[in-house]
Amino acid sequence: MASAALKDELDIVIPTIRNLDFLEMWRPFFEQYHLIIVQDGDPSKTIKVPDGFDYELYNRNDINKILGPRSSCISFKDSACRCFGYMVSKKKYIYTIDDDCFVAKDPSGKDINALEQHIKNLLCPSTPNFFNTLYDPFREGADYVRGYPFSLREGVPTAVSHGLWLNIPDYDAPTQLVKPLERNTRYVDMVLTIPKGTLFPMCGMNLAFDRELIGPAMYFGLMGDGQPIGRYDDMWAGWCCKVICDHLGLGIKTGLPYIYHSKASNPFVNLKKEYLGIFWQEEIIPFFQSHNFSKDCTTVQKCYVELSKQVKEKLGKVDPYFLKLADAMVTWIEAWDMLNPPNKDSANASSK
């Protein structure tokens, strides 16, 4: 078997409440990688993983033991718990996928190696400062078009690769209710950089990122059990990551690769989880759009802690939930630094 790209530099993080039979389909693409499985829900339940995979599994008891009181920042009974896997990983790159995501086929009928495409996206620069009308100039058969400034052609490091889905689209509950039978069959062969200053809805079910560049900002918030909101975990992480990437000169790509999203969740259950978020979003988006970091924010951690203070001050007026979320953001950074002590040399370099 040929050696897989970045196999010693990438972990695959999977949140789940069920046996991971879906991995059999992914075996040709995942078997050479290390898996971090974050078990949600009842920790006494045994999750079965197919033979032949190299993995570590963490349940709620493990999370509590490792993080102690700081475990309060990790959501329970929600796929937001996946971000614990980001924290315990020691690799440079993370790919995270949901357990209802299957291997998709391209228009020729060939299985899509989603992980391989994410790696290509991450290893090539992004172009957030000037839009290229042929999309990603680093893809085969493309380049910078006439009129693209030569001074910007080097691009910036890519921090996040956001993949898409065939079959069940990632819709909110109102859209699901209006279009219950809609399926995404459109395969668009495209990767593009999301422009600087533009927010986007980040979906966590087919997502890769450079942990060293943006990891501490990939916090999926407080969702699920005991919280007034759900299904905004990846959205929150995406908005935080985007404004921090814009500030630090990093890029985010979206488009290829596709996975096959096999199962639609219940729109009525989703509506109960989302309905406050649908209202709050109208305050949250302007908050992120108008946010500016101070020049002291030279690292992701510093950006994130400063952002948490603004969340408390400005979004705390929207609902007390945001006061709790702001505190959890700080706890998350403390927990991240506890498990990933900052390198003294790099800390000194960033403070010069």
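Here are some numbered notes on this predicted model, for anyone opening it for the first time.

1. Ground rules. This is a predicted model, where local features need pLDDT of at least 70 and side-chain atom pairs count only at pLDDT 80 or more, while totals for chains, interfaces and linings use all residues. Residues are numbered from 1 along each chain as its sequence is written, and side-chain values use heavy atoms, with hydrogens and water left out.

2. Helices (H or I, at least four residues) and strands (E, at least two) are DSSP runs, numbered from the N terminus. Strand 9 (251-261) is mostly covered, with 10 of its 11 residues buried. Buried here is under 20% relative accessible area, exposed is over 50%, and partly exposed is in between (1.4 Å probe, protein chains only).

3. Who pairs with strand 9? Two strands pair if DSSP finds at least two bridges between them. Strand 6 runs parallel to strand 9 over 9 bridges, and Trp165 has Ile259 as its bridge partner there. Strand 7 (residues 191-193) is antiparallel to strand 9, joined by 3 bridges, with Leu192 opposite Thr254. Strand 5 also pairs with strand 9 in the antiparallel sense, over 2 bridges, and Cys101 stands opposite His261.

4. Helix 1. In this helix (residues 23-30), Leu23, Trp26, Arg27, Phe29 and Phe30 are buried; note that an arginine is on that list. What covers them? The cover includes strand 1 (10-16), strand 2 (34-39), strand 4 (93-97), strand 5 (101-102), helix 4 and our strand 9. Contact, for the record, means heavy atoms within 4.5 Å.

5. Aromatic pairs. The whole structure holds 21 aromatic pairs. Rings of Phe, Tyr and Trp (its six-membered ring) pair if their centres lie within 6.5 Å; planes under 30 degrees apart count as stacked, over 60 as edge-to-face and the rest as tilted. One of the pairs is Phe130 with Tyr148, edge-to-face at 4.9 Å centre to centre and 75° between the planes. Both residues sit in the loop between helix 4 and strand 6, 18 residues apart. Phe130 is partly exposed at 35%, whereas Tyr148 is buried at 3%. Phe138 and Tyr144 are also edge-to-face, at 6.0 Å and 85°. Phe138 is partly exposed at 32%, and Tyr144 is buried at 12%.

6. An aromatic cluster. Tyr232, Trp236, Trp239, Trp280, Phe287, Phe288, Tyr321 and Phe322 form one cluster.

7. A charge over a ring. Arg153 lies over the face of Phe150, 3.7 Å from the ring centre. The rule asks for NZ of Lys or CZ of Arg within 6 Å of the ring centre and within 35 degrees of the ring normal.

8. Arg146 lies in the loop between helix 4 (114-123) and strand 6 (158-167). Is it buried or exposed? Arg146 counts as exposed because its relative accessibility is 85%.

9. Cysteines. How many disulfides are there? The count is 0, taking a disulfide as a pair of cysteine sulfur atoms within 2.5 Å. The sulfur of Cys241 has its closest cysteine sulfur in Cys245, 6.0 Å away, so that is too far for a bond. For Cys297 the closest is in Cys303 at 4.6 Å, again too far. Cys241 is buried at 0%, and Cys297 is buried at 4%.
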